[in-house]
Amino acid sequence: MSNAGITVATADPPAPAARHLPRRRGVELALIVLAVLLSVYGYCAVGLAQHGTLPPGAAGYGAGLGVLALLAHLAVRLRAPYADPLPLPIGVLLNGVGLVLIYRLDLETPGDRAAPAQLIWSTLGVALFILVVLLLRDHRVLQRYAYVCVVAALALLTLPILFPAVNGARIWIRIAGFSIQPGEFAKVLLAVFFAAYLAANRSALAYTGRRVWKLQLPTGRVLGPIVAVWLVSVCVLVLERDLGTSLLFFGLFVVLLYVATGRTGWIAVGLLLAALGAVAVGRLEPHVHSRIETWRHPFSSIEAGEGANQLAQSLFAFAEGGVLGTGLGLGHSVLIGFAVKSDFILATAGEELGFAGLSAIFLLYGLLVERGFRAGLALREPFGRLLAVGLASLVSLQVFVIAGGVTGLIPLTGMAMPFLAQGGSSVVTNWAIVALLVRVSDSARRQHDGQDAR
Amino acid sequence: MTRHIRHAGFFCALLLAALLLNAALVQVVRAPAYEGNPANRRPDIARYAQPRGDILVGGRAVTGSEDTREHLRYERTYANGPLYAPVTGFASQLYGTTLLEDAEDAVLSGTHPMLAPFPLWSDFARAPYRGGDVVTTLDPAAQRAAYRGLAGRKGALAALEPSTGRILALFSAPSYDPQPLSGNGTAASRAWARLTADPDRPMLNRAVRQTYPPGSTFKIVTAAAALDAGVVRNLDAPTDSPDPYTLPGTRTRLVNESKGCADASLREAFTFSCNTVFAKLGVDVGARDMTRTARAFGFDNGGTHIPFPVARSTFDTSLDLAQLALSSIGQYNTRATPLQMAMVAAAVADGGQVREPYLVERTTRPGGSTLAAAGSRPARQAMSPSTAVRLRALMRDAVRNGTGRKAAIRGAKVGGKTGTAQHGLGNSGTPYAWFVSWAQGDHEPAPRVAVAVVLEDARSDRGHISGGDAAPIARAVMKAVLNSRERTPSQ
């Protein structure tokens, strides 16, 4: 980008010069059919493994998922015909696999059925996807609502403080039997705000202000608001003991700041702050301290004669999976106990689908993220680029934080595996992310002139 | 900006690579260690996920599996638990396995590699193998006779088929019901606490895991050694032995419980169980030959498995002459399991040949095809066949005229030897009563059964303990074997 990015919106490029890319809607449809078939196959495999018969709802389940996916596909065909054909099928497949895994775990916990609610939330999520694709004709409109977004995000983040804590964390609100995690919705809103603000102020951030040693400090007037927003959100989350999400916001902030300004120094400062913050929280907060201890010595509770803790059980589940897995419905990940359908859902995938299946799931996420970055590269206006990169990074960081946590790579922080985990807010939010990626990619490919923007 | 987007993308790719590498590390590299972790319940869950194979006696399963629908799904059940507990042992989800349940666990639980229906494919598909069955050599009628005979007593019995070494009955009293131990609940731990605290130690298999001083029954071994070594050539010639006999190198005088033992012939001495004669015979034979004969019978052999391990019966080899004299009448450091003494009787019955006893006829796959069969076992000549013939005559005399009259069976030739073994500090304990015998139907070509019984709580006074107490139990078991028309086919 050579033009100074202080203007709010860049003008559309002259349309006639653009060479339209193939629309690829047929590919999308084929992939959606494949995704639905794979999910139905998984559903049947669970039933066969557990009872020796096809589960009674297999046809209904397949039809329901198929209709939802088809409606979403029609919406894309109608209003985003140039969109990238991959994000929607990936979303359908991950959501379908998530439903299969939750249904499978429901069989082990007859008193606590989560799959029906998850199906309703998935429907809501797809409905939101369709709404976004139909109503949001141009993603740049969002730029106007940057400050609305940030106010809404902070409101959503602070809301759960008014509600009683659930399992030690104040991140849920319970309305009419449904528990909602407003922090999930705040993710997208904050991503929009960061993208909009940085797109508008990136030159000021990059080129003004004092220079201290090798570091170019921007003026406080420009940096102030965004740092304030970030600090408030992180503080709120620390108060609510939702460290995973605060880590996610921090990562999002640093990535977008780096992409917008191109200043490596910010990365250094960010990492330094993160390290200081992590050490301080780890020392001061007993909850976090115990998480770190568990991460360093996952089997200490066994040696202490207290049996395996959740992380150890999770590692046992992954280990049992080996390369090819035990097969759907044949594992014992239910031994993990609490949060087996949400934070630890990946352990079930790892045990029953093995390293092969787990890698496939990781690669699906990787592909989704990659499509986001592609859209970001193909676009030419900074807001769209930052939005695409921000959303893709959100997915990437969230997958890393929770998957790394349950496999013992990093300390465990409770967070939902996108699309797979039980949790309505998360599913709806992820469908919103996919919808925005579809929208952004449609703009990118519609304007494509044969080469990436510089 | 494009460059920085690429950098950020590269960073995300790095995160993905880290996840994949770590997953490979956990799922492939470290998996064996995690699977072996004692807190990992998956091996237990897999073990109890399917019914355990059964143990068969006389063609019928004496064990079963109950589907509890719990996490550890199948629990062991026992039909007639106390009757077969000294053979089956228990298979508990809390306390492991013992005896046959332990020795044949690989077959019963389905981990034996030969149980794979399609070897390579089964490993690949991770399908658990179904457990196989264990067919025992037991004769149910003989086992029941032993159970009835030892009811309310403390002791043990072992019965063998002399020509093969098949174990026909193996019982230890008091017995117990292994079924309450099967599960993993408080009932199991209560049963365990009760059984382990019981002073009578019902879970101890006295027939194979406990050794006793064999007392006079050991005189069979001494007589065999004397005959083989040529110390005695004529059964009816006087043996030139004083009564009482002063142990060599000491002033201790050994006496008899019956009269007329001075210079008694071997036949008389055997029939009336003269200690003086046999103590002197042992000394005359010498430590070397006594040891050789005792070893040939199976003493001092610690490696016997039937297939569960048998305690080692001992004949002390570092002896002075006084000790040798005492050892030769089954006292001092001589100790034997009931199974060992049954082997002695079986050797006499089978022309001097000792065969390794065994309890498992064959193991089968779930379909019934044979997985492994007990092949013919090597026989060891413990004494010359002529000595065996003469010993058979001596043992028959003891039953016809001597201490073992209560073991006689109409329509059968029965040979036997009683024994009383003193034990405890200063011989203060209730003496152990022994009876060792074999039986052959009048119309049969060879003896069908050899039995050894020991009672820890012999009732009558010292003089006539053994014949009066242990012999009827042996008789009942021998009768049961002789009466059972059909022998379990040996395949």
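**View 1. B:Glu101, a buried residue in a predicted model.** B:Glu101 counts as buried because 24 C-beta neighbours lie inside 10 Å of this residue, and a residue is called buried once 20 or more other C-beta atoms lie within that distance. The whole model shown in these views is predicted. B:Glu101 has its place in helix α5 of chain B, which covers residues 99-103. When its neighbours within four places in sequence are left aside, B:Glu101 is in contact with B:Thr88, B:Gly89, B:Phe90, B:Ala91 and B:Leu108. For B:Glu101 and B:Ala296, the separation is 195 residues in sequence and 30 Å in space, taken from C-alpha to C-alpha.

**View 2. Helix α16 of chain B and the residue that follows.** Helix α16(B) consists of 12 residues, numbered 338-349, and at 1.5 Å a residue the helix should span 16 Å; the end C-alpha atoms are 17 Å apart, which agrees with that expectation. The helix is mostly covered, since 12 of its 12 residues are buried. Among these buried residues are B:Pro338, B:Gln340, B:Met343 and B:Val348, together with several alanines, including B:Ala342 and B:Ala349. Just after α16(B) comes B:Gly351, which takes a positive phi of about 70 degrees.

**View 3. The open sheet of chain B.** Five strands of chain B make up an open sheet with mixed pairing, and their order is β2-β1-β7-β13-β14. The edges are formed by β2 (60-61) and β14 (370-373), each of which has a single partner strand, so one side of each is left without a neighbour in the sheet.

View 4. Strand β13(B), residues 360-364, runs antiparallel to β14(B), and three bridges join the two strands.

View 5. The contact takes 29 residues from chain B and 46 residues from chain A. On the side of chain B that touches chain A, the elements that give two or more residues are α1 (2-29), α2 (31-35) and α3 (42-47). Of these, α1(B) gives the most, with 17 residues. Sorted by class, this side of chain B has 17 nonpolar, seven polar and five charged residues. According to UniProt, in an unreviewed entry, residues 1-23 of chain B carry the feature "signal peptide". In the model that span is 96% helix and 0% strand, and its end C-alpha atoms lie 33 Å apart.

**View 6. Chain A as a whole.** Chain A contains 16 helices and four strands. Of the 454 residues in chain A, 53% are buried. Among the contacts in chain A that join residues at least 6 apart in sequence, 73% are between residues at least 24 apart.

Terms used:
Residues are numbered from 1 along each chain as its sequence is written. Chains are lettered from A and ligands numbered from 1 in the order in which they are written. This is a predicted model: local features need pLDDT of at least 70, side-chain atom pairs count only at pLDDT 80 or more; totals for chains, interfaces and linings use all residues. The expected span of a helix is 1.5 Å times one less than its number of residues. UniProt positions are given in the numbering used here, feature names are shortened, and annotations may be inferred rather than shown by experiment. Two strands pair if DSSP finds at least two bridges between them. Two residues are in contact if their C-beta atoms, placed from the backbone, lie within 7 Å. Ala, Val, Leu, Ile, Met, Phe, Trp, Tyr, Cys and Pro count as nonpolar, Asp, Glu, Lys and Arg as charged, and the others, Gly among them, as polar.
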